[in-house]
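Let's take a walk through this one together. Keep the sequence and the 3D view side by side as you read.

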Amino acid sequence: MAENFKVGGKLIKSDTVLINVQGHLDAHTFEQLDKVINAAFNKNIFKIIVNMEKVDYISSAGAGVFIGALSRTQENEGNIVLLNPSDPVTQVFDILGLSLLFPVAENYDEAMQSL
Amino acid sequence: MMEKMQSPIQREMLIPYETSYLKAVRTTISEFLEDGPFPKSEVNLIQLAVDEAVANIMEHSEEKQKPDSIEMCLELDKKTFKVILRDSGRQFDPMTVKSPDLKEHVKEGKKRGLGLLLIRQIMDEITYSFINGVKNELRMIKNVK
């Protein structure tokens, strides 16, 4: 189980960023993810893949980052895709009714096709 | 474990007003409920509900509260899990807050405000009182199914 929170983004195409998130995404750590997503927006990148495979825990603060980003990406002909969401992520998104709003991909190619 | 549980198990924790302590809160809940009457999936949800409640208290706290701590009292018996959270902040009854309309929430790109929705979905009973004019007290109960 990942003990420490880590988040990092990398450009995989000129208009697409892959963000890897690891650990607990809660009210203490959510701003770090928010910062990485906003950095993408500031570079006019609105196609975002977030690898959620190693997210061991997510609270509403973490889910809120995605809600905050969704409209912005879609207004700019982009989207935000959840790549391999872990069980905790799926559970919380289901409870909040968010699962239908975000494209989910099982692998990288599928994620790219969703954008 | 259930058969051996004769009397309620209790535990208390003082939580500083720092979000870095949320992980410790979750660990405390998880350890407290381990080998108890709730399956792992429900323990995870209870952990989430308590996390949300504590994070809410922290978010709405005032600077003058910071030297104090949030009191968390846990109680477990064969049929129920109870958590009581007490803080010395301004009087605030979270039960008066309406659950957000999710569609509007997403449309407006609102990042916060979903914690109460989660708590209400997860816990079976939630009650609030303002104790002696000085402390907020939030009680949440989860029943064993």
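Which residue lies over the face of A:Tyr57? That would be B:Arg26, at 4.0 Å from the ring centre. A charge sits over a ring when NZ of Lys or CZ of Arg is within 6 Å of the ring centre and within 35 degrees of the ring normal.

Before going further, some ground rules. This is a predicted model, where local features need pLDDT of at least 70 and side-chain atom pairs count only at pLDDT 80 or more, while totals for chains, interfaces and linings use all residues. Residues are numbered from 1 along each chain as its sequence is written, chains are lettered from A and ligands numbered from 1 in the order in which they are written, and side-chain values use heavy atoms, leaving out hydrogens and water.

B:Arg26 turns up again in chain B, where helix 1 meets helix 2. Helices (H or I, at least four residues) and strands (E, at least two) are DSSP runs, numbered from the N terminus. Two packed helices are described by the angle between their axes and the distance between the axes. For helix 1 and helix 2 of chain B, the axes come within 9 Å and cross at roughly 145 degrees. Axes here are lines fitted to C-alpha atoms, for helices over the stretch in contact, with angles running from 0 to 180 degrees between N-to-C directions. Ala, Val, Leu, Ile, Met, Phe, Trp, Tyr, Cys and Pro count as nonpolar, Asp, Glu, Lys and Arg as charged, and the others, Gly among them, as polar.

In the loop between those two helices you'll find B:Asp35. It has a positive phi of about 65 degrees although it is not a glycine. Most residues other than glycine have a negative phi. B:Asp35 is exposed, at 58% relative accessible area (buried is under 20%, exposed over 50%, partly exposed in between, with a 1.4 Å probe and protein chains only).

Helix 2 (residues 40–59) of chain B has another partner, helix 4 (residues 115–122) of chain B, with axes that come within 9 Å and cross at roughly 140 degrees. This crossing is left-handed. The contact includes B:Leu45, B:Ala49 and B:Glu52 of helix 2 and B:Gly115, B:Leu118 and B:Ile122 of helix 4. By class, it has nine nonpolar, two polar and one charged residues. B:Gly115 is buried, at 7%, and touches A:Ser60 as well as B:Glu52, not counting residues up to four places away in sequence.

Over in chain A, A:Phe66, A:Phe93 and A:Phe102 form one aromatic cluster. How are the rings of A:Phe93 and A:Phe102 arranged? Their centres are 5.6 Å apart and their planes at 70 degrees, so the pair is edge-to-face. Rings of Phe, Tyr and Trp (its six-membered ring) pair if their centres lie within 6.5 Å; planes under 30 degrees apart are stacked, over 60 edge-to-face and the rest tilted. A:Phe93 is buried, at 2%, and A:Phe102 is buried too, at 4%.

Conventions: A crossing is left-handed if the near helix is turned anticlockwise from the far one by less than a right angle, and right-handed if clockwise. Contact means heavy atoms within 4.5 Å.
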